[in-house]
Amino acid sequence: FGAKGDGVNDDNTAFKQAIAAAGAGGTVIVPKTANFYLINLASSSGSSLVITSDITIRGTSRDVKIKTGITEATSSAGVYNLFVVNSPAVLTVENLTLEGPEDGFGAFGALHHNTGQGGINVRYVSSTKFAQFLKTDEASSLGKIIIDVQDSDIITKLDYSPYNTFLINELATFRMRRTRASNEGLVTSSVNSAYIVYLNRGVNTNLDDNDFGNAPGSGVHIWGGGTTTTPDYVSITNNRFVGRYGIDGVFSSFAFLTNTRQETVFTNDTFITTDGSILAYGDVRVNDSKFSSGSATQISSGIESVAVNSTFSIDHSNFYNTPINAQNATSTWRISNSHFNSPSTTYNVIMYVSGGHMSLINNIFEGASSQQVLHYSGELEMRNNRFLNSSSSAAIEVAVGYGSSPKIISQENYF
């Protein structure tokens with residue numbers, strides 16, 4: 001179809017002709033060249049590669065590169081998209097490298113799915129320099145969009161808030177497996193609301209065996225607000241999170257769980273954050289996970305909660321310089337079989353749960369300089385815990401005047 005792949009000539013028309021010729025259910029093979037395929041985009045309509053029926057775009061090797069260019073001196077408002085998928089089509093992109101334009105040309109997106117049914121599959125793809133790698137519009141009542149990303153390496157330039165690496169909107173199913181997703185953009189106050197994964201209301205999610213890092217906002221942001229359905233299921237397993245994870249420069253976290261009433265489950269995850277790990281507004285279960293500030297002198301929040309009537313369950317996990325801040329009224333906490341060691345903080349657990357309940361069962365607390373557990377309100381039940389740091393001024397401190405009168409039940413603990 002006349003594609004040159006020389007990095008100089010525009011191959012936009014050739015790709016469009018090949019996609020049309022492949023037809024529904026077809027495959028476009030992209031062979032290796034000495035350079036890359038250039039797809040020039042413009043703010044005018046019609047420059048994107050539009051997918052209207054199921055199709056696969058497959059490179060002959062992963063180093064086959066498709067790069068976007070721009071035909072204008074400066075970008076206009078909005079995102080320039082390389083591929084646009086219209087309902088109910090399913091686009092599969094395999095074995096390719098996708099690259100945005102040179103720095104300074106505005107917000108470019110690699111993959112965009114419009115409202116409705118269909119989906120996008122991404123397999124064995126490397127991607128750099130896009131401000132936004134993948135976005136789905138809010139789905140209509142016609143059906144769900146299914147996004148499946150696996151065995152890929154995605155690095156974005158999050159210099160253009162509020163663009164996110166992955167923006168997945170309501171009525172979608174999102175799966176990400178064995179993928180590295182990070183950001184090389186500037187960490188400034190103007191982009192602190194940019195996230196690697198943004199799940200916007202009603203998204204069923206599985207994140208398995210991924211590596212997230214370097215987000216100016218959060219690694220993952222889960223938004224359950226609005227009048228539509230909240231996320232039905234969120235499972236986060238065997239992932240690694242490294243970076244700052246600041247939210248508007250005020251508080252930083254890995255997961256921002258807002259107004260969600262489903263249980264978000266973390267299993268065997270690793271958090272190495274300088275400012276915070278989980279800021280939760282909904283129900284959370286954490287199993288066999290590790291939390292660290294990454295430094296013996298750096299303090300980072302492990303889990304901070306501010307919602308009411310929520311349930312938190314933490315089991316067989318380790319917290320290093322990452323204390324728990326429980327300040328959600330009428331909620332229930334159960335922390336068991338876990339190890340807390342915070343040599344740079346004044347406490348390991350602080351509890352403001354007015355009208356709520358916290359159970360500490362079979363844990364080890366050490367390292368905090370003032371109190372291992374600081375209890376302001378609610379009911380605190382402690383059984384079979386070990387408090388080991390003799391340099392603390394108190395293993396447990398009970399304070400009054402912060403809501404309901406605190407109550408403690410203590411049995412078979414070791415001080």
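A residue counts as exposed when its relative accessible area is over 50%, and as buried when that area is under 20%. Keep those two cut-offs in mind as you move around this predicted model.

**Start with the whole chain**

Show everything as a cartoon first. The protein has one helix and 41 strands. Of its 415 residues, 56% are buried. Its accessible surface comes to about 15,500 Å², with 48% of that belonging to carbon and sulfur atoms. If you draw the contacts with a separation of 6 or more, 70% of them come from residues 24 or more positions apart.

**Stop one: the helix**

Now select residues 12-22, which make up α1. Colour Asn-12, Ala-14, Phe-15, Ala-18 and Ile-19, the buried residues here. Look down the helix axis: these buried residues fall within an arc of 165 degrees, so they line one face of α1. Turn to the face pointing away from that buried side, and you will find the exposed residues Thr-13, Ala-20 and Ala-21.

**Stop two: the aromatic pairs**

Next, show the aromatic side chains; the structure holds 10 aromatic pairs. Zoom in on Phe-291 and Phe-319. Their ring centres are 4.4 Å apart and their planes meet at 5 degrees, so this pair is stacked. Phe-291 belongs to strand β29 (residues 290-292) and Phe-319 to strand β32 (residues 318-320), so the pair ties together parts that are 28 residues apart in sequence. Phe-291 is buried, at a relative accessible area of 2%, and Phe-319 is buried with a value of 2%.

Move on to Phe-365 and Phe-387. With ring centres 5.2 Å apart and planes at 15 degrees, this pair is stacked too. It links distant parts of the chain, 22 residues apart: Phe-365 sits in strand β37 (residues 364-366) and Phe-387 in strand β39 (residues 386-387). Phe-365 is buried at 0% relative accessibility, and Phe-387 is buried at 5%.

Now widen the selection to Phe-291, Phe-319, Phe-340, Phe-365, Phe-387 and Phe-415, which form one aromatic cluster.

**Last stop: a charge over a ring**

Finally, select Arg-386 and Tyr-414. The charged end of Arg-386 sits over the Tyr-414 ring, 4.7 Å from the ring's centre.

How values were computed
Residues numbered from 1 in each chain as written. Predicted model: local features only at pLDDT ≥ 70, side-chain atom pairs only at ≥ 80, totals over all residues. Heavy atoms only, no water. Buried < 20%, exposed > 50% of the residue type's maximum accessible area, 1.4 Å probe, protein only. Helix = DSSP H or I, 4+ residues; strand = E, 2+ residues; numbered from the N terminus. Arc of directions from axis to C-beta. Contact = heavy atoms within 4.5 Å. Areas by Shrake-Rupley, 256 points an atom, 1.4 Å probe, with all protein chains shown as cover. Phe/Tyr/Trp six-rings, centres within 6.5 Å; stacked < 30°, edge-to-face > 60°. Lys NZ or Arg CZ within 6 Å of the ring centre and 35° of its normal.
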